Amino acid sequence: MNTRQTAGDVGYAPLAIGLILALGSVLTIWGAARTHDGPFAIQMYTAMAAFLIGIFALLRAYILPNPATSRTRYEDGVVKAGVIASTFWGIAGLLVGVIIALQLSFPAIFYFEDLGWTNFGRLRPLHTSAVIFAFGGNVLIATSFYVVQRTCRARLAGGPWAWFVFWGYQLFIVLAGTGYLLGITQSREYAEPPWYVDIWLTLVWVAYLLVFLGTIWKRQEKHIYVANWFYLAFIVTIALLHIINNLALPVSFADSFSYSAFSGVQDALTQWWYGHNAVGFFLTAGFLAIMYYFIPKQADRPVYSYRLSIIHFWALIFLYIWAGPHHLHYTALPMWAQTLGATFSIMLWMPSWGGMINGLMTLSGAWDKLRTDPVLRMLVVSVAFYGMSTFEGPVMSIRAVNSLSHYTDWTIGHVHSGALGWVGFVSFGALYCLTPWLWKRERLYSTALVEWHFWIATIGIVLYITSMWVAGVMQGLMWRAYNELGFLEYSFVESVEAMHPYYIIRAVGGLLYLFGALLMAYNLWRTARGDAPEAVAVRPNAAPAAVAAE
């Protein structure tokens, strides 16, 4: 079926997308013309250029179609684009993380007084958003579009809307990242983008939800596989969190600054209701969907217990939503709310470990594959890190422990145990699976490079999290140490000085992890090019049919 016929199948979708892009172009031109804020004007010109390019691409695709283009059963083009974008943003985010780690280790060398955009205060949110939303978000969009098509045996709904979601999300990333470098921020953890970027993301996210739901609606399989439930929970809950946490009133429609709809302790509670559940639904539920599809596929085994996966799903989404207040121990938040957050955090231990056990036990009868398949090993180790992080989190939510850990680098070690070990490894494993499947290659270009990636990245993680664990406990003890006269025994500067060797170890760990990601990018590039794979006896990564448990 040629492109012109395909365009007819999608109805008014190109027209609707064109109207959105045209309206965006008009609004950005108006904003750039009216503003007296230089950074805001740069943002408007950036968005305007993106909208105009989008209009041109839309006209090119649907008015001057290529008759040679044929329609395949599944829409895999957008998934391929997601794999490429995920790899790019992953390396970019990790690189910024290494830079800021070196800034903390050697501030006299890596601090540039005349280049304000290189300050730690601007690069730190850039790193956070790049690895979570740029890298992690693209992995989730790409894998969800791949998984929902295969498990539903249906092509993505909405025609060009899937591409609108992909490119719209890239625009969100660019506007957010350049905004941080320009000094534009809401100063809300994991929610720094300004009001106009939040509105754009809301529009893109609604389109994402409708494409995903539409594909499930027209499925050819009666059963909805559990991975799709986790993806759906992630998409719906993030939409709810994003809208409520970012309710704000801009000082002007030609200015980047806005006032939050909340204030005081209500603002703090709303922020950490959002912040913790961004971890719970963006960095947990979405990536559990990846676990439930890619581990069974790569191991060629059914999910260990489908009943346990359903219990895992409902328990997780019910409990996680209440755990945010444990970030606000020893604050003005009422004690009952603090206790509620800690209680639900401890209860989360059970469903989290139930999911971990389900993922690990899926290898029953196939444990020998861990010796020969480094991709499967990476996926399985990610589940082990998931179990470790979901044990440490509830422990740190206990008030007595939190009094020592909070505001210290112990929290940084905990976050990166989950980010590098769980999110990073399960994402890398999914990308290693998707590349040969999508580009129709027999196998990866080099399994030896996957081995190197696995071990180098694992050593990097161990160096990172152990240095931060030790440093964090040391910080907490130094800050609460008193002398015989009742005065603080150590000044804050002395605690910072004591951190220096641990900061260097952390930077080395981050460098190793970045190097592993570069090896992966090279391996995926050679695989997609179709370069001859190494002549070793490994199980071919043939394009999968349905998951055995579907």
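In the predicted model, one aromatic cluster is formed by F133, F145, Y169, F172, W205, Y208, F234 and F282, where rings of Phe, Tyr and Trp (its six-membered ring) are taken to pair if their centres lie within 6.5 Å. Because this is a predicted model, local features need pLDDT of at least 70 and side-chain atom pairs count only at pLDDT 80 or more, while totals for chains, interfaces and linings use all residues. Residues are numbered from 1 along each chain as its sequence is written, and side-chain values use heavy atoms, with hydrogens and water left out.

By the ring-centre rule, the count comes to 46 aromatic pairs. The rings of F51 and W200 have centres 5.2 Å apart and planes at 70 degrees, so this pair is edge-to-face, given that planes under 30 degrees apart count as stacked, over 60 as edge-to-face and the rest as tilted. A stacked arrangement is found for Y146 and W437, because their ring centres are 5.9 Å apart and their planes stand at 25 degrees. Y146 lies in helix 6 (residues 120-152) and W437 in helix 17 (residues 409-438), so the pair ties together parts that are 291 residues apart in sequence. Y146, at 1% relative accessibility, counts as buried, and W437 counts as buried at 4%.

Charged groups also lie over aromatic rings in this model, a placement that requires NZ of Lys or CZ of Arg to be within 6 Å of the ring centre and within 35 degrees of the ring normal. R377 lies over the face of F454, at 5.4 Å from the ring centre, and R529 lies over the face of W525, at 4.6 Å from the ring centre.

The largest nonpolar core has 147 residues, and those with the most contacts inside it are F145, Y169, F234, F282, F294 and W422. Such a core is a set of buried Ala, Val, Leu, Ile, Met, Phe, Trp, Tyr and Cys residues joined through side-chain atoms within 4.5 Å. Helix 10 (residues 264-299) supplies the largest share of this core, with 17 residues. When residues up to four places away in sequence are not counted, F294 touches T143, V147, L379, A430, C433, L434 and W437, a contact being heavy atoms within 4.5 Å.

A search of the whole structure finds 1 cavity of 30 Å³ or more. A cavity is, on a 1 Å grid over the protein atoms alone, a set of points where a 1.4 Å probe fits but cannot get out, and its lining residues have an atom within 4 Å of a point; grid points are joined across faces, edges and corners, and a volume is the space filled by probe spheres set on the points. About 190 Å³ of space lies in the largest cavity, and of the 18 residues that line it, the closest to its centre are F133, L201, I238, H242 and Y274. Helix 7 (161-182), helix 8, helix 9 (226-245) and helix 10 are the elements that give two or more residues to this lining, and helix 8 gives the most, with 5 residues.

L376 has its place in helix 15 (residues 374-397) and, at 0% relative accessibility, counts as buried. Apart from neighbours within four places in sequence, L376 is in contact with I295, Q298, A299, L363, K369 and L370, and its C-alpha atom is separated by 9.6 Å from that of P296, 80 residues apart along the chain. A176, which lies in helix 7, counts as buried at 5% relative accessibility and, leaving aside neighbours within four places in sequence, is in contact with P193 and V197.

Most residues other than glycine have a negative phi. S187, found in the loop between helix 7 and helix 8, is not a glycine and yet has a positive phi of about 60 degrees; at 63% relative accessibility, S187 counts as exposed. Y190 has its place in the loop between helix 7 and helix 8 and has a positive phi near 65 degrees, but at 13% relative accessibility Y190 counts as buried.

Methods:
Buried < 20%, exposed > 50% of the residue type's maximum accessible area, 1.4 Å probe, protein only. Helix = DSSP H or I, 4+ residues; strand = E, 2+ residues; numbered from the N terminus. 1 Å grid on protein atoms, 1.4 Å probe; cavity = no way out; pocket = protein on both sides within 12 Å on 5 of 7 lines; lining within 4 Å.
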